[in-house]
Each structure stands twice: as C-alpha cells, then as structure tokens.
Amino acid sequence: MLIKICDLKKQKIKLMEEIYKTTLEQSQYLNPEKVDELLTAIDKKQQYIDSIDKINAELLPLEKKVSSYTERR
C-alpha cells in the first residue's frame with residue numbers, strides 16, 4: 001500500500017511540475033497574435049489538473065487507511 005501511495009505522489013509531483021512549466025510558457029502567449037497558443041496551454045493545464053484530481057481520488061482512501069492504522073498504534 002505504501003508503494004502505491006509513493007507512486008501516486010510521484011505522478012502527482014510530475015503533473016504539478018508540468019503545470020508549473022506550462023504556466024511559465026503561458027507568459028509568452030500574452031499578446032493577441034498568440035491567442036491560439038494560450039488556449040492550447042490552458043487546455044493542457046486543465047488536463048493535468050483533471051489527472052491530479054483522479055490521483056487524489058485514488059490517494060485519499062489509501063492515506064486514510066495508513067492514518068487510521070498509525071492512530072491505532
């Protein structure tokens with residue numbers, strides 16, 4: 001179970017790094033000629049956010065199990 005939690009957290013970190021990179025990239029597209037690129041970057045970030053939401057949905061129950069186990073000790 002702990003290995004699964006670590007794997008999910010690694011995936012989440014990678015996605016968060018991609019969000020950060022895409023956010024930096026967006027600043028290049030803040031002019032009228034680059035609207036399409038800006039919208040593409042925004043869509044990409046939303047996909048990363050959606051993936052993080054899925055990971056969180058899987059991660060939360062696992063973290064609760066670990067937490068409840070450690071509280072019993």
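Which backbone oxygen lies 2.8 Å from a polar atom of the side chain of T22? That oxygen belongs to E18. The contact is polar, a term for a pair of N or O atoms within 3.5 Å in which, within protein, one must be able to donate a hydrogen and the other to accept it, residues adjacent in sequence counting only if both atoms are side-chain atoms. The model is predicted, so that local features need pLDDT of at least 70 and side-chain atom pairs count only at pLDDT 80 or more, while totals for chains, interfaces and linings use all residues. Residues are numbered from 1 along each chain as its sequence is written, and side-chain values use heavy atoms, with hydrogens and water left out.

The secondary structure of the protein consists of two helices and zero strands; helices (H or I, at least four residues) and strands (E, at least two) are DSSP runs, numbered from the N terminus. The C-alpha trace spans about 60 × 15 × 15 Å along its principal axes. The radius of gyration, taken over C-alpha atoms, is 17 Å, whereas a compact globule of 73 residues would have a value near 11 Å; the globule rule is 2.2 Å times the number of residues to the power 0.38. Of the contacts (heavy atoms within 4.5 Å) between residues at least 6 apart in sequence, 67% join residues at least 24 apart.

Buried residues, those under 20% relative accessible area with a 1.4 Å probe and protein chains only, make up 21% of the 73 residues. The largest nonpolar core has nine residues: I5, L8, L15, I19, Y48, I52, I55, L59 and L62. Helices α1 (2–26) and α2 (35–72) each supply at least two residues of this core, and its largest share, five residues, comes from α2. Such a core is a set of buried Ala, Val, Leu, Ile, Met, Phe, Trp, Tyr and Cys residues joined through side-chain atoms within 4.5 Å. Residues up to four places away in sequence aside, I55 touches L8, Q11, K12 and L15.

T22 is placed in helix α1 and is buried, with a relative accessible area of 2%. Not counting residues up to four places away in sequence, T22 touches A41, K44, K45 and Y48.

K45 lies in helix α2 and counts as buried because its relative accessibility is 18%. Leaving aside neighbours within four places in sequence, K45 is in contact with I19, T22, T23 and Q26. The side chains of K45 and T23 are joined by a polar contact of 3.1 Å. The C-alpha atoms of K45 and Y20, 25 residues apart along the chain, are separated by 8.9 Å.

Notes:
Buried means under 20% relative accessible area, exposed over 50%, partly exposed in between (1.4 Å probe, protein chains only).
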